[in-house]
Amino acid sequence: MLIRKLAGLACVVLFLFASVGGVRAETWRLGTAAQPGSVLYDVIQDFIADFNAAFADDDIAVEFQFIGNEQEMMQQLIRGRVQIGATSFAGSAVAIPENIVTTVPYLWDSDAERIKVMDEYVIPVLKDIALAKGVVLIDWGDVGWNDVICNFECLTPADLEGKAARMSPVSRHFWQALGANGVQMPLSEFFPGLQQGLVVAGDLPFLYYITTPAAQSAPHYVTTRHLHHGAAWYMNKKLFDGLTDAQRAKLAEVLPPVAETRALVMADEQLPDSPKAKEFAAKGGTIHILTDAQREAFAERVRPVRQVMVDELAAGPAPRAQEVWQAIQKGKADFAAGK
């Protein structure tokens with residue numbers, strides 16, 4: 001009799017626990033390296049609020065999970081330990097190496113060209129590639145232009161020759177073409193590396209850079225605009241496949257609209273006049289706006305490595321790299337022709 005009473009009491013407690021305080025039957029983790037102060041962080045928080053409201057009847061909630069190493073986040077996503085991941089295409093490159101092709105240096109001639117080609121020619125290919133890796137590309141957008149950062153004034157390629165610069169799989173060819181002493185290190189080690197003097201330079205998008213310790217230890221931001229980071233939102237494929245049609249429709253409704261998130265990023269990237277740029281300058285940072293001629297000095301050193309970069313990817317970890325590259329070239333040609 002006592003056992004029955006205890007069992008009954010346990011059931012009541014469990015029912016009350018599940019019914020009070022907004023406890024959900026299922027909680028998903030959204031992994032990202034985005035930090036407060038960045039546009040991506042704000043977009044993610046808005047998404048979480050909208051998702052939790054839309055999926056209340058499904059007893060599903062999403063919670064924010066900071067994971068500073070984007071490569072680790074992608075591995076957790078593939079294994080199902082994280083259900084959704086928001087990252088740059090570069091950040092997901094260890095899991096999906098073909099994404100590196102979208103970051104080939106000095107690839108785009110204008111924002112209009114980039115947006116048209118990415119949306120209509122490249123994203124369909126990247127979606128197909130992601131599926132084979134166990135994730136679904138559910139949304140995309142912009143992180144922003146990558147520029148050079150230094151702990152000294154570095155306005156020309158000559159300034160960087162022989163200097164220790166952090167290089168990632170995305171930026172390796174860029175730094176090698178400039179003659180820098182490239183040091184391979186994950187993003188999580190980059191910031192202490194700058195503080196300790198292991199490296200004196202690197203490259204980051206402004207809207208992420210200003211949320212990190214790099215903005216203090218390497219306060220010179222140089223607008224080389226050498227590559228562009230797209231934002232990618234992935235979902236674990238097994239989880240996505242288990243959603244009902246109604247749940248997929250709700251997910252599509254609450255995902256950040258691509259055009260809106262792009263507009264937010266581009267507004268904050270108006271250097272040196274955006275509010276975030278002025279705040280950075282007020283804290284002692286310096287934004288060096290390069291002229292077209294100064295930027296071209298970097299570009300002419302780097303352009304010859306672009307095809308080499310794609311060929312190496314295709315011969316190594318990214319067998320479909322040429323397919324992505326051809327989609328980009330087809331889109332650029334059609335854009336130039338006004339199609």
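Student: At roughly what angle do the axes of helix α4 and helix α16 cross?

Tutor: A word on the model: it is predicted, so local features need pLDDT of at least 70 and side-chain atom pairs pLDDT 80 or more, while totals for chains, interfaces and linings use all residues. Residues are numbered from 1 along each chain as its sequence is written, and side-chain values use heavy atoms, leaving out hydrogens and water. Helices (H or I, at least four residues) and strands (E, at least two) are DSSP runs numbered from the N terminus, and axes are lines fitted to C-alpha atoms, for helices over the stretch in contact, with angles from 0 to 180 degrees between N-to-C directions. The axes of α4 (residues 111-132) and α16 (residues 321-336) come within 9 Å, and they cross at roughly 150°.

Student: Which term describes how α4 and α16 run relative to each other?

Tutor: Angles under 35 degrees count as roughly parallel, over 145 as roughly antiparallel, 65 to 115 as roughly perpendicular, and the rest as oblique. The two axes cross at roughly 150°. Therefore α4 and α16 are roughly antiparallel.

Student: Which strand does β8 pair with over 13 bridges?

Tutor: Two strands pair if DSSP finds at least two bridges between them. β8 (residues 220-236) pairs in the antiparallel sense with β3 (residues 84-88) over five bridges, where Ile84 stands opposite Met235. With β9 (residues 286-288), β8 pairs in the parallel sense over three bridges, and His220 has Thr286 as its bridge partner. The antiparallel pairing over 13 bridges is with β4.

Student: In β8, what is the bridge partner of Trp145?

Tutor: β4 covers residues 135-150 and pairs with β8 in the antiparallel sense. In β8, the bridge partner of Trp145 is His228.

Student: Is Ser38 buried or exposed?

Tutor: Ser38 lies in the loop between β1 (26-32) and α2 (39-54). Buried means under 20% relative accessible area, exposed over 50%, and partly exposed in between (1.4 Å probe, protein chains only). Because its relative accessibility is 6%, Ser38 counts as buried.

Student: Which residues does Lys276 touch, not counting those up to four places away in sequence?

Tutor: Lys276 is in helix α13 (residues 275-282). Contact means heavy atoms within 4.5 Å. Not counting residues up to four places away in sequence, Ser38 touches Leu207 and Thr211. On that basis, Lys276 touches Gly37, Phe206, Leu207, Ile210 and Asp268.
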